[in-house]
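Here is a short tour of one protein chain, going from the whole fold down to a single side chain. Have the structure open as you read.

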Amino acid sequence: MIDRVRSFPFVLAMNHVVTPPDLPSVAVLGRTERFPVRRIYCVGRNYAEHQIEMGGSGREAPFFFLKPADAIVAVEAGATGTMPYPTLTKNLHHEIELVVAIGRGGHHIAAANALEHVWGYAVGLDMTRRDLQNDMKKAGRPWSIGKGFDHSAPIGPITPAAAVPGIHTAPLVLDVNGAVRQTSHIGKMIWSVAEIIEHLSAAWALAPGDLIYTGTPEGVNAVVAGDLLEARIDGLETLRVRIAA
Ligand code: MN
């Protein structure tokens, strides 16, 4: 007769055929505990002027794509993160975005209740291999190679939602080497955070640990090795990232 209780730890230690990957996680402002990352959802074209610069009408419905959870580059408070210049591209673009961290999951969440599912907010960069994304668009192929590559999702520390009640009207600014590249306002999002959660949770069941990159305003442009990106949203920790060779 096998003693199941006593054999349990042994079974646990042996139940993967390769070493399990580390759980990606993001810093939380003022806490030692971290926010574990399950999925990274991204909203396409959520500011009218950016829709227009990407060739749209300025009035399109939201759409979604994903990045792998381990694409995050988690930058600690006060630190400058490093993102290696990715392979295969000659046109790496910055996109500053408000990131929503989901604390309570759900399917078919109504916009009216959606903010109860938010744990906090952070500043993120949806880094994009624009040349590859454009090639895939033309060919009608998936965007993954343009959007979901390694190190494509830098993110600063998460601030609890209750500490940033003004987030829905906060200004956002992205500087590259001290010069302003993108400047806008969270209130200019076509689809609000609550509406994004309603749309997204109709398509996928959200769960704690999910991050949502909520789209970028106009002004996207290229960066090169050596550039310093500084992404700021009022009320949140600033995100600084250096592009390495
Ligand atoms: Mn984006």
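This is a predicted model: local features need pLDDT of at least 70, side-chain atom pairs count only at pLDDT 80 or more; totals for chains, interfaces and linings use all residues.

The chain is built from six helices and 18 strands. For 245 residues, a compact globule would have a radius of gyration near 18 Å, and the protein chain agrees with that at 19 Å. Take the contacts between residues at least 6 apart in sequence: 76% of them join residues at least 24 apart.

Some overall values for the protein chain are handy to keep beside the viewer:

| Property of the protein chain | Value |
|---|---|
| Span of the C-alpha trace along its principal axes | about 70 × 45 × 40 Å |
| Accessible surface | about 11800 Å² |
| Share of that surface from carbon and sulfur atoms | 57% |
| Distance between the centres of the positive and negative side-chain sets | 4 Å |

Now zoom in on Gln182, which sits in strand β14, residues 179-185. Is Gln182 buried or exposed? Its relative accessible area is 1%, and buried means under 20%, so Gln182 is buried.

What surrounds Gln182? Beyond its neighbours within four places in sequence, Gln182 is in contact with residues including His94, Glu95, Ile96, Leu172, Val173 and Leu174. Thr216, Pro217, Glu218, Gly219 and Val220 are also among its contacts. Pro217 is 35 residues from Gln182 in sequence, yet their C-alpha atoms are 6.9 Å apart. As for Ile96, its backbone nitrogen lies 3.2 Å from a polar atom of the Gln182 side chain.

Notes. Residues are numbered from 1 along each chain as its sequence is written. Side-chain values use heavy atoms; hydrogens and water are left out. Helices (H or I, at least four residues) and strands (E, at least two) are DSSP runs, numbered from the N terminus. The radius of gyration is taken over C-alpha atoms; the globule rule is 2.2 Å times the number of residues to the power 0.38. Contact means heavy atoms within 4.5 Å. Accessible areas come from the Shrake-Rupley method with a 1.4 Å probe; for residues, only the protein chains shown count as cover. Lys and Arg count as positive and Asp and Glu as negative; His and the chain ends are not counted. The place of a charge is taken as NZ of Lys, CZ of Arg, CG of Asp or CD of Glu. Buried means under 20% relative accessible area, exposed over 50%, partly exposed in between (1.4 Å probe, protein chains only). A polar contact is a pair of N or O atoms within 3.5 Å; within protein, one must be able to donate a hydrogen and the other to accept it, and residues adjacent in sequence count only if both atoms are side-chain atoms.
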